[in-house]
Amino acid sequence: MTPERYKSKEETMPPQKHDLINQEMQDLNNDGIDRRGFLKCMAWAGTGLIWTMSGGVPVSQVFGKNLNSGKPGNFSFAQISDSHMGFNKPANPDVVATLQAAVDKINGLATAPEFLLHTGDISHLSKPDQFDTVDQVLKGASAKDVFFVPGEHDVLDDNGASYLARYGKNAQGAGWYSFDHKGVHFIGLVNVINLKSGGLGSLGAEQLEWMHRDVTHLKHSTPIVVFAHIPLWSVYPEWGWGTDDSEQALGYLKKFGSVTVLNGHIHQTMQKVEGNVTFHTAMSTAFPQPAPGQAASPGPMKVPAERLRSVLGVADLNYLRHPHSLAIVDSSLA
Amino acid sequence: MKKTAIEGFATCLIVVGILLATSPSLQATNEASSAVAEVKIDNFSFGPQTLTVPVGATVTWTNRDDIPHTVVSSDDAFKSKVRDTDETFSYTFTKPGTYNYFCSIHPKMTGKVVVQ
């Protein structure tokens, strides 16, 4: 793959463009989806898309602001990621303020999310006071339940013991778990532990076995949402943006009609659709990172102070019970 | 008199022998124990990626990125705690061999120390 193929949305569309444009995907064919066409469409739509499954081919439609209102079984949740509490370098000297802005953004959504997902790198250095600060800021969110998975910055030095003590009370192994919400099955995975020299993110045999068991008895029509820190698709392996054994995990999900995979780690939005699976990465609330291959390293990217909040953000996800679709709307903090 | 001369000669030989036997190794030990080498971490990479040092050398890694890294040997010979910006980690190599290491947070970052 080339970096160009998965151009970040930040690059291709103006952030925070919330006008609704009636546009339907025209670039589908019988084999699947034309990804270049898909990205172009994303650039047009600017806000979010609803995914519906039709004969195995995902079809996007326009996302409407009050889509959810009043319909039983529909619900929203929000994803935040990479708050890196404790980071204080020039790319963002005040990560508390931007996390607070993310919470304010979530609290201002037209449809209140029923819970939050945090896809890791809660802290910058796994320090107790850093986790404390995040917990304190998130208490201000209208949604009281927050489901976490760890990033590599949350499991430093102690292989995740302090993370587990704080966030893993209902989790298995290194912190993985699943739960159901209004008919949707959510699976939180950990791919930042026991990383091998030269390798990418890793789920490991024990977690894969657990996941296989976890989904075995679910109906094929059950919508699945998987969330983990490092992307479960090969975004840019040269920078470690992928997971070595994600293919095995995704193999267990082939039988399901609708699978959405939500990740963080790369501090920018990217989408990809492959068969029944929609992949999506969220912005960070702390600092942006460069598009794949567009800098010497994936380190924090300094942008002019007045632009910072336009490259940070949250994702708002709206689930429609009929016809089992999930709309993802990325909102910057600007 | 003659005996004394022989004894003196023998003593001299022994002294020379001891000097010959010990001084090169003493010199080598002195050199090695004071040897230092540095590895800089910049842009998610170790530089130099391969470093060759004598036995006894102390290698110091310095993280110059805005992101924390670690220095972890692939065979558990050494393992740093997480090193944030400008923090260092040092390790003294007392045995010859090839030591492969990586950053356990960003495992694409790999390096090697060859100890001779």
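The legends below describe close-up views of a predicted model. Local features require pLDDT of at least 70 and side-chain atom pairs count only at pLDDT 80 or more, while totals for chains, interfaces and linings use all residues. Residues are numbered from 1 along each chain as its sequence is written, with chains lettered from A and ligands numbered from 1 in the order in which they are written.

View 1. Chain A contains seven helices and 15 strands; helices (H or I, at least four residues) and strands (E, at least two) are DSSP runs, numbered from the N terminus. Of its 334 residues, 48% count as buried, that is, with 20 or more other C-beta atoms within 10 Å of their own, the C-beta atoms being placed from the backbone. Mean pLDDT, the predictor's confidence in each residue on a scale from 0 to 100, is 82 for chain A, and 78% of the residues reach 70 or more. Over residues 1-66 of chain A pLDDT stays under 50, and the model has 118 contacts beyond four places in sequence for this stretch. Two residues are in contact if their C-beta atoms, placed from the backbone, lie within 7 Å. Among contacts in chain A with a separation of 6 or more, 72% are between residues 24 or more positions apart.

**View 2. The largest nonpolar core.** A nonpolar core is a set of buried Ala, Val, Leu, Ile, Met, Phe, Trp, Tyr and Cys residues joined through C-beta atoms within 7 Å. The largest one has 73 residues, and Ala78(A), Leu189(A), Val190(A), Val226(A) and Ala228(A) have the most contacts inside it. Helix α3 (residues 95-107) of chain A gives the most to this core, with five residues. Leaving aside neighbours within four places in sequence, Val226(A) contacts Ile187(A), Leu189(A), Leu232(A), Val259(A) and Val261(A). Another core, of 16 residues, lies apart from it and includes Trp61(B), Phe89(B), Tyr101(B) and Val113(B).

View 3. Strands β8 (residues 177-181) and β9 (residues 184-188) of chain A run antiparallel and are joined by five bridges; strands pair if DSSP finds at least two bridges between them. Phe179(A) has Phe186(A) in β9(A) as its bridge partner. Two residues separate the strands of this hairpin, and Lys182(A) in the turn has a positive phi of about 50 degrees.

**View 4. Chain B.** Chain B has one helix and eight strands, in the order α-β-β-β-β-β-β-β-β from the N terminus. Buried residues make up 24% of its 116 residues. Of the contacts in chain B with a separation of 6 or more, 46% are between residues 24 or more positions apart.

Definitions and conventions. Buried ≥ 20, exposed ≤ 12 C-beta atoms within 10 Å, placed from the backbone.
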